Amino acid sequence: LKPFWLNHPREPGLVLLPPSALRFGFMGLPPVFFGNNRRSTAAQGDKRVYDVVSSASGEVELLPVEGSSPRTRLQVAKLPDDAVVTIRVFRFLEDYSDAKETWEKGLRNVNSGSLLWLAVHMLPQMHSVRGAKYGEWFTIHHIRVYARHFKSGYHMCNSGSSGPAETFGSSTAVKSLVTGDKLREGYFWFVSPVDELSKPSLEKDGWQHVKMEGPFDGSSVAQECESVSPSSIAAKQLQQVVRNVNVV
């Protein structure tokens with residue numbers, strides 16, 4: 001048995017763990033969340049990539065994307081505040097050429113959304129009457145964030161300014177549609193502020209850009225989802241739709 005500090009806000013202390021616990025996890029947490037000091041999660045982070053999804057009650061959950069195992073949801077509320085996770089966010093463009101702009105390539109001082117936002121934005125009678133209010137092109141960004149910032153406030157960006165936002169922030173789960181109907185599970189909007197003269201920093205800004213994919217043609221997403229009832233779009237189903245979309 002080897003002594004390790006259990007990095008959990010409600011259960012701190014020295015515990016004895018067998019080597020198998022370090023390889024396969026303990027108490028339902030991935031083994032990456034263990035370390036010999038409280039900064040280990042910030043330094044290492046979880047190497048998997050997640051989509052941000054909502055539970056029926058509106059809690060923030062993380063669903064691994066393809067290639068990650070096991071594909072069960074993690075509840076953000078149960079992660080240590082300084083746990084670092086890599087998530088996918090979705091950003092819409094009105095003009096294909098905008099993807100070449102610095103702020104778009106780096107997700108700098110702009111808003112983006114979670115997996116379900118992709119369908120809600122594109123389909124008519126959901127976010128807007130006609131659908132695709134902010135354009136039919138979209139990019140996918142991988143970013144690293146601290147778990148605690150899912151509780152930070154969301155702010156709408158305007159003309160390259162993130163307003164009062166000082167760190168990465170998230171909205172609460174949005175379920176309402178323009179028709180008055182409600183989604184079974186909500187979607188989230190995000191803000192990614194950064195100083196114009198610097199790169200986003202985990203310590204200062206609460207987020208860090210990893211990469212951008214796309215642009216993609218959002219009309220193919222709309223075609224794949226148009227036969228599905230808006231209230232019953234499932235996250236795993238939408239992940240498959242994203243896998244079928246090709247870079248233009």
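Buried means under 20% relative accessible area, exposed means over 50%, and partly exposed is in between (1.4 Å probe, protein chains only). The model is predicted: local features need pLDDT of at least 70 and side-chain atom pairs count only at pLDDT 80 or more, while totals for chains, interfaces and linings use all residues. Residues are numbered from 1 along each chain as its sequence is written, and side-chain values use heavy atoms, with hydrogens and water left out.

**Figure 1. The whole chain.** The chain holds seven helices and 13 strands. Helices (H or I, at least four residues) and strands (E, at least two) are DSSP runs, numbered from the N terminus. Of the 248 residues in the chain, 51% are buried. Contact means heavy atoms within 4.5 Å. Among contacts between residues at least 6 apart in sequence, 64% join residues at least 24 apart.

**Figure 2. The aromatic pair of Tyr-96 and Trp-137**. The whole structure has twelve aromatic pairs. Rings of Phe, Tyr and Trp (its six-membered ring) pair if their centres lie within 6.5 Å; planes under 30 degrees apart count as stacked, over 60 as edge-to-face and the rest as tilted. Tyr-96 and Trp-137 are edge-to-face, with 5.0 Å centre to centre and 70° between the planes. Tyr-96 lies in the loop between strand 6 (84–93) and helix 3 (102–106), and Trp-137 lies in strand 8 (residues 137–146), so the pair ties together parts that are 41 residues apart in sequence. Trp-137 has a relative accessible area of 23% and is therefore partly exposed. Tyr-96 also counts as partly exposed, because its relative accessibility is 34%.

**Figure 3. A cluster of rings, and a charge over a ring.** Ring pairs link Phe-90, Phe-92, Trp-117, Tyr-134, Phe-138, Tyr-154, Tyr-187, Trp-189 and Phe-216 into a cluster. Arg-148 lies over the face of Tyr-146, at 4.1 Å from the ring centre. A charge sits over a ring if NZ of Lys or CZ of Arg is within 6 Å of the ring centre and within 35 degrees of the ring normal.

**Figure 4. Helix 4 and its contact with helix 7**. Eight of the eight residues of helix 4 (residues 115–122) are buried, so helix 4 is largely enclosed by the rest of the structure. The axes of helix 4 and helix 7 (residues 235–244) come within 9 Å and cross at roughly 75°. Axes are lines fitted to C-alpha atoms, for helices over the stretch in contact, and angles run from 0 to 180 degrees between N-to-C directions. The two helices are therefore roughly perpendicular to each other (under 35 degrees counts as roughly parallel, over 145 as roughly antiparallel, 65 to 115 as roughly perpendicular and the rest as oblique). Helix 4 makes the contact with Leu-115, Leu-116, Leu-118 and Ala-119, and helix 7 with Ala-235, Leu-238, Gln-239 and Val-242. By class, this contact has seven nonpolar, one polar and no charged residues. Ala, Val, Leu, Ile, Met, Phe, Trp, Tyr, Cys and Pro count as nonpolar, Asp, Glu, Lys and Arg as charged, and the others, Gly among them, as polar.

Figure 5. Ser-54 lies in strand 3 (residues 49–54) and counts as buried, because its relative accessibility is 1%. Leaving aside neighbours within four places in sequence, Ser-54 is in contact with Glu-59, Glu-61, Arg-73, Ala-173, Glu-185, Gly-186 and Phe-188. His-149 is in the loop between strand 8 and strand 9 (169–170). At 9% relative accessibility, His-149 counts as buried.
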